[in-house]
Structures are given as C-alpha cells and as structure tokens.
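Here is a friendly walk through one model, from its pockets to its cores and backbone. Have the viewer open as you read.

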Amino acid sequence: MYTIDLTGKTGLVMGVANQRSLAWAIAQPLTQAGVKLAYSYQGERLRPTLEQLTEGQDALLVPCDVTDDGDLDALFAAVGERFGRLDYLVHALAFAPAVTFEEPFIETARDHWRLALDVSAYSLVATAKRAAPLMSAGAGILTLSYLAAERVVPHYNVMGVAKAALEASVRYLAFDLGPRGIRVNALSAGPARTVAARSIAGFGDMYGATGRQSMLHRNIENEEVGSFGFALLADSLSGGITGETVYVDAGFHAIGMFLPPRPA
Ligand code: NAD
C-alpha cells in the first residue's frame, strides 16, 4: 500500500460549514496523513458544528469573514502563533446572492457582482498574500472551482464569472509564488450536495443531468474531491503541477455534445 506520512506539516482549512462541505472532505486525508489543521469559519453560528466535527483533534478554530481584512489579519496571526509556519492552505468558499442564481445574468446588479467576486475570487488573493510569509518550498494552496468558469451553466451567472476570475487568479498567484517553490492549483468539482449548492436555483435538475450525462454516468463523491485535493496539495504526489485547474467531475467537462439516449 502507498501511504503518505505528512506528520509535522500544518494546514489551514477555510470553508467548513458542516460534514457535507467539500472543505471537510479535503481535511479528512490531511488529518489521516498526520497534518495538524486549523479551521476558519464564517461566523459564530458555525463554530459549534466545527467544535463537534473536530472533537479530540486539538484543532485551532478561528472566525473569519473573508470580506473583512481585519478578520483575515487576525486569522493568519493566530495560525502563525499556533504553528509558526504553514504548509497547506485549503480555500473552499464562495458566495453570491440568491437572486443572482434566479434572474438572467444580464440583470446582475453592481453590488451583487462586487460581493460575488470579492468573496469567491479576491479572497484567494487576500489569503494567499497572508499565507505566503508563513510558507516555504513544498507548500501548497488549493481552491475549488466549477465548470461554469469556462462554459455557460444555466443559473450560475455571476458565480461563473467569479469562478473565471478565481481560476485566472490561481495562474497569477502560481506565477508569483513559483520561484519560492509554493504551488497554487484549483480543483474543479462536479456538483455535490452541499449547503452552498442546494441554495442554487435549479441545482436538483443540474445534479440529476450531470449524473446521467457524465462519462462515468454518475455524480462524484465528496471523498473523490477529498483524495484528489489532498494529492494536489502534497508535493510528493503533484510536485510538478501548479497554476492548473484539474477536473474531478466524472468526465463531464470534456463532452462537447449530448444526444438523447438511443432507443433500446
Ligand atoms: P459549503 O456550503 O459547505 O461551503 C461554502 C463555505 O463558504 C461555507 O463554509 C461558508 O461559510 C463559506 N463562506 C461563504 N461566504 C463567506 C465569507 N464571506 N467568509 C468566509 N466564508 C464564507 O459548500 P461547498 O459546496 O462545500 O463549497 C465549497 C467550495 O466548493 C465553493 O468554492 C464552491 O463554489 C465550490 N464548489 C462546489 C460545488 C458543489 O456542487 N457543491 C461544485 C464545484 C465547486
């Protein structure tokens, strides 16, 4: 069996809302490999869930709304104080107002654009800037994206634009941090039934269609995002990959046309 021991390494996981969160799926293999983790959460409402999930792990839990520079500064100060270094950063959060998933894209309000791009894309830049001084060669930053960055996916609208900005930011950050041996990648996941996804208008239909039409004729499992997210962070598994967006979507992204099923 191929086992990876990352004892002595440290990580910060941002975006766990509950056990269905993709951030939580990525935290599992990291914990199993011996990585000491800190978690940030958006507001006090989420703290009890994190306390319950991380019981017995002596994990550092820090509130952080990524639209607040003061919160970000305090988060990385706390991480620096606890660990003195940072090997892995998992950025698994996004937000756009519900109405942007319901109305046509052409109706996008300026404030909604700003908020979606701020939370879902700029926050990666803001966190990378604060994480980098704690990182050294071999460290990794991972964010989560979705196919709507590249293609029109009904309902995603401004979130698709935010994911496009996120994926471009991954490339620019990877370029900036590459000389220091720090890698930055995005994992583009297929639909998963999380809190954020369920709040998107039409998500149930999209989930069903992806499951029927993907190359593997199924949706992905959170554990598949977890294991490949882990692989993209671990230098010993993916040391040559940076500035990349890799799909974990059962092959859906690579299909160019969907035909009705042939009659039996
Ligand atoms: P989730 O609801 O479990 O996690 C979303 C997280 O974003 C929550 O923890 C929430 O608190 C956090 N968040 C939102 N606004 C924030 C803010 N201002 N400050 C700090 N945190 C904030 O949902 P998820 O599906 O696990 O989402 C994680 C990532 O995965 C997101 O980037 C999402 O776009 C991406 N993704 C999800 C799917 C899917 O179908 N679920 C597919 C592809 C990509």
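## The largest pocket

The lining of the largest pocket is made of 30 nonpolar, 10 polar and four charged residues. Here Ala, Val, Leu, Ile, Met, Phe, Trp, Tyr, Cys and Pro are nonpolar, Asp, Glu, Lys and Arg are charged, and the others, Gly among them, are polar. This pocket holds about 1,100 Å³ of space. Of its 44 lining residues, Ala92, Leu93, Ala94, Ala196 and Ala197 are the closest to its centre. Helix H7 (195-198) is one of the elements that give two or more residues to the lining, and with three residues H7 has the largest share.

On a 1 Å grid over the protein atoms alone, a pocket is an open set of points with protein on both sides within 12 Å along at least five of seven lines, a cavity is a set where a 1.4 Å probe fits but cannot get out, and lining residues have an atom within 4 Å of a point. Points are joined across faces, edges and corners, and the volume is the space filled by probe spheres set on them. Helices (H or I, at least four residues) and strands (E, at least two) are DSSP runs, numbered from the N terminus.

## About the model

This is a predicted model, in which local features need pLDDT of at least 70 and side-chain atom pairs count only at pLDDT 80 or more, while totals for chains, interfaces and linings use all residues. Residues are numbered from 1 along each chain as its sequence is written, and side-chain values use heavy atoms, leaving out hydrogens and water.

Arg20, Ala25, Glu221, Asn222 and Glu223 are the closest to its centre among 16 lining residues. H1 and helix H9 (222-233) each supply at least two residues of that lining, which divides into six nonpolar, six polar and four charged.

The structure also holds one cavity of 30 Å³ or more. The largest cavity has a volume of about 40 Å³, and its lining includes Tyr146, Leu147, Asp249 and Phe252.

## Overall fold and cores

The protein chain has 10 helices and seven strands. Its radius of gyration (over C-alpha atoms) is 18 Å, close to the 18 Å given for 264 residues by the globule rule, so the chain is as compact as a globular protein of that length. That rule is 2.2 Å times the number of residues to the power 0.38. Of the 264 residues, 50% are buried, meaning under 20% relative accessible area with a 1.4 Å probe on protein chains only, whereas exposed means over 50% and partly exposed lies in between.

A nonpolar core joins buried Ala, Val, Leu, Ile, Met, Phe, Trp, Tyr and Cys residues through side-chain atoms within 4.5 Å. In the largest one, of 51 residues, Leu12, Met14, Ile141 and Tyr156 touch the most other members. A second, separate core of 37 residues includes Leu37 and Val246.

## Two backbone exceptions

Most residues other than glycine have a negative phi. Aspartate 58, although not a glycine, has a positive phi of about 55°; this residue lies in the loop between helix H2 (47-53) and S3. Asparagine 157 also has a positive phi, of about 45°, and sits in the loop between S5 and H6.

Which of these residues is buried, and which is exposed? Aspartate 58 is exposed, with a relative accessible area of 57%, whereas asparagine 157 is buried at 18%.
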